Amino acid sequence: MADNGFSISGALTQTGHELIQRVYYEDTDFSGLVYHARYLHFLERGRTDYLRCLGVEQRELISADEEGLVFVVHRMEIDFRNPARMDDVLTIVTRTEKAGGAKMVLHQEIRRGETPLIAAKVIIAVINARGRPRRLPEALAKQMQIETEGA
């Protein structure tokens, strides 16, 4: 199979991570527009594949050490700017604002071409396997900052 430079997990870029997704019928409501809650799915895929492109496999983090490491959404602020429709091709952009301590702050946006559809600020809590706060390992915090700044 030829390598066409496309990765199913998206790619790290100068502005963070970019993931391309198509809007399907199941994503829309009776009006033909993307149902507001479906944007959460697109944002989650962007965050997950961002970590994957950084070399972080979330399912391995839970057992990576004796304490375990899990990421959970603590808070999310979303600005809905323009609607998406069935068959639109969307770009989900994810970048790190802060990574350290027991949290990460990510900025995400969803665009159709150059048109901004969604802007989100996502605060991720870092917890252990028992659900208690824990510090993000320094190496991982640095990786999340360096990879997007120098991509």
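## How do we know? Questions about a predicted model

Me: What makes a residue count as buried, and how much of the protein is buried?
Reply: Buried residues make up 40% of the 151 residues. Buried means under 20% relative accessible area, with exposed over 50% and partly exposed in between (1.4 Å probe, protein chains only). By the way, this is a predicted model, where local features need pLDDT of at least 70, side-chain atom pairs count only at pLDDT 80 or more, and totals for chains, interfaces and linings use all residues. Residues are numbered from 1 along each chain as its sequence is written, and side-chain values use heavy atoms, leaving out hydrogens and water.

Me: How do you know whether the radius of gyration agrees with a compact globule?
Reply: Take the C-alpha atoms and use the rule of 2.2 Å times the number of residues to the power 0.38. For 151 residues a compact globule would come out near 15 Å, and the protein has 16 Å, so the two agree.

Me: Why are E2 and E4 called paired strands?
Reply: Strands (E, at least two residues) are DSSP runs, numbered from the N terminus. Two strands pair if DSSP finds at least two bridges between them. E2 (residues 16–22) and E4 (residues 89–100) have six, running antiparallel, so they pass the pairing rule.

Me: What about E4 and E5: how many bridges join them?
Reply: Nine, again antiparallel, with E5 covering residues 103–112. Thr91 turns up here too, with Arg111 in E5 as its bridge partner. In the hairpin of E4 and E5, two residues lie between the strands, and Gly101 takes a positive phi near 65°.

Key
Helix = DSSP H or I, 4+ residues; strand = E, 2+ residues; numbered from the N terminus.
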